[in-house]
Amino acid sequence: MRQRTRRSAVMATTMALMAALMAVAACASNPRPGTYSRLIITGGEIRDAGYRSAYEALTHHRELIIFEDRIGFRGGNDGSNLFGRQTQDYYVPLLVVDGDFNLNDAVTTLRRIPAEEIVSIRLYHQSMVPVRYQRPGAEGGVIEVNTR
C-alpha cells in the first residue's frame, strides 16, 4: 500500500512539474508583439518591421533597454546597478560595427546606421562574448552590427 501511495505522489509531482515547465515554455515562446526574442536579428526582420535604423530595431529588443543616450542589457553577471534602478540591473555593452570597436557614443552610432545597410545584429551577453571581442569595456556584453 505504501509503495502505491509513494508512486502516486511521484506521479502527481511529475505531472505538476511538467505542467509548470510547459507554462514557462509557452510564456518564453510568445514574446510581446513587436519585440525580438533571439540574440540575432537579421536585416530582413528589421526592414520587414519597418524600422529605419539599427537604433529603432534595438529599442524593441526584449533583452535591451535604452534610456535617452544609454543602451544596456537587462540583468548581468556581477550584480552592480548601472543606471541606478533598484528593481533591475542594466549593463552597458560594447558596440562593434563591421568588426571595428566603436569609440564614439553607441546610441548616436546606432541611429546613423540605416536599416537598408544592416545584414545582421548580434547580441552577446557578458558570458557569451567571443575571444576576439574580449577587451576592457566588453564586461557588459557586446552588440555586433554587420552592414553591407
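Visitor: Which residue of β7 stands opposite I41?

Guide: β1 pairs with β7, residues 118-124, in the antiparallel sense over 3 bridges. T42 has S120 of β7 as its bridge partner. Opposite I41 stands I121.

Visitor: Why is β7 largely enclosed by the rest of the structure?

Guide: A residue is buried when its relative accessible area is under 20%. β7 is largely enclosed because, of its 7 residues, the number buried is 5.

Visitor: How many bridges join β7 to β8?

Guide: β8 covers residues 142-147 and runs antiparallel to β7. I118 has T147 in β8 as its bridge partner. The number of bridges joining β7 and β8 is 6.

Visitor: Which residue in β8 is the bridge partner of V96?

Guide: Strand β5, residues 94-97, is joined to β8 by 4 bridges, and the two run parallel. The bridge partner of V96 in β8 is E144.

Visitor: Which element of the protein has the highest mean pLDDT?

Guide: The protein averages a pLDDT of 77, and 71% of the residues score at least 70. Among its elements, helix α1 (residues 2-29) has the lowest mean, 63. The highest mean, 95, belongs to β8.

Visitor: How many contacts beyond four places in sequence does the model have for residues 28-36?

Guide: Over residues 28-36 the pLDDT stays under 50. Residues 77-82 are also below 50, with 13 contacts beyond near neighbours in sequence. Where pLDDT is low, the predicted coordinates should not be read in detail. With that caution, the number of such contacts for residues 28-36 is 16.

Methods
Residues numbered from 1 in each chain as written. Predicted model: local features only at pLDDT ≥ 70, side-chain atom pairs only at ≥ 80, totals over all residues. Heavy atoms only, no water. Pairing = 2+ DSSP bridges. Buried < 20%, exposed > 50% of the residue type's maximum accessible area, 1.4 Å probe, protein only. pLDDT = per-residue confidence, 0-100. Contact = heavy atoms within 4.5 Å.
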